[in-house]
Amino acid sequence: MDTAQLTVSEADVEALLADTTRPLGQRTFWRLLHESDVRIGELLALDVPDVRLVERILAVSESKEGPCEVEVSEAAANELALIIAGRSAGPVFALPNGTRLSLERAHADFREATGKPLHTLRYSGLRRRVIAPAA
């Protein structure tokens with residue numbers, strides 16, 4: 001089975017996350033999806049109070065396994081600080097008009113950027129962590 005359509009290379013992920021022509025919120029969403037075990041719907045459901053920046057923790061309440069806490073990278077925490085700066089409520093991943101990023105828009109944005117489905121980003125990250133887990 002050809003898995004090329006199911007994955008995104010690490011080089012492509014790095015280039016995507018470094019592409020400053022893309023909005024920071026979009027790149028942060030992609031970073032979290034790739035670096036963590038958080039699912040697409042769980043990220044979309046995050047509200048500002050769910051983010052504990054000092055601890056680098058996301059409190060995920062919309063999880064299939066029940067509420068959980070997920071540690072995020074320093075880079076992701078720094079980006080989250082910028083995208084939620086000055087806000088105490090509302091969705092973490094909001095559109096310019098303040099409404100929550102939709103699943104359809106998240107999928108469309110990633111497909112437009114890469115030509116691949118959004119789930120390939122999470123799958124690639126999960127695969128990377130299983131094949132080469134952190135020491």
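How are helix 2 and helix 5 placed relative to each other? The close-up views below, taken from a predicted model, begin with this pair.

**View 1. Helix 2 crosses helix 5.** Helix 2 spans residues 24-35, and helix 5 spans residues 103-114. Their axes come within 12 Å and cross at roughly 90°. Angles of 65 to 115 degrees count as roughly perpendicular, so helix 2 and helix 5 are roughly perpendicular to each other. Gln 26, Phe 29 and Trp 30 are the helix 2 side of the contact. They meet Ala 106, Asp 109, Phe 110 and Ala 113 in helix 5. By class, this contact of helix 2 with helix 5 holds five nonpolar residues, one polar and one charged.

**View 2. Helix 1 meets helix 2.** Helix 1 covers residues 10-18. The axes of helix 1 and helix 2 come within 9 Å and cross at roughly 150°. Angles over 145 degrees count as roughly antiparallel, so that is how helix 1 and helix 2 are described. Glu 10, Val 13, Leu 16 and Leu 17 of helix 1 touch Arg 27, Trp 30, Arg 31 and His 34 of helix 2. The residues of this contact divide into four nonpolar, one polar and three charged.

**View 3. Helix 4 has a buried side.** Helix 4 runs over residues 74-84. Its buried residues are Ala 76, Ala 77, Glu 79, Leu 80, Ile 83 and Ile 84. They cover an arc of only 165° around the axis, so they sit on the same side of helix 4. Among the elements covering them are helix 2, strand 1 and strand 2. The face turned away from the buried side carries Glu 74 and Leu 82, which are exposed. Just after helix 4, Gly 86 takes a positive phi of about 80°.

View 4. The side chains of Glu 35 and Arg 31 meet at 3.1 Å, N to O. These two residues are four apart in helix 2, so about one helical turn separates them. Glu 35 counts as partly exposed, at 28% relative accessibility. Arg 31 counts as buried, at 12%.

**View 5. A salt bridge joins two strands.** Arg 52 forms a salt bridge with Glu 69, with the closest N and O atoms 2.9 Å apart. The pair links distant parts of the chain: Arg 52 is in strand 1 and Glu 69 in strand 3, 17 residues apart. Arg 52 is partly exposed at 28% relative accessible area, whereas Glu 69 is exposed at 52%.

Terms used
Residues numbered from 1 in each chain as written. Predicted model: local features only at pLDDT ≥ 70, side-chain atom pairs only at ≥ 80, totals over all residues. Heavy atoms only, no water. Axes fitted to C-alpha atoms, helices over the stretch in contact; angles between N-to-C directions. Parallel < 35°, antiparallel > 145°, perpendicular 65-115°, else oblique. Contact = heavy atoms within 4.5 Å. Nonpolar A, V, L, I, M, F, W, Y, C, P; charged D, E, K, R; others polar. Buried < 20%, exposed > 50% of the residue type's maximum accessible area, 1.4 Å probe, protein only. Arc of directions from axis to C-beta. Salt bridge = Lys/Arg side-chain N within 4 Å of Asp/Glu carboxyl O.
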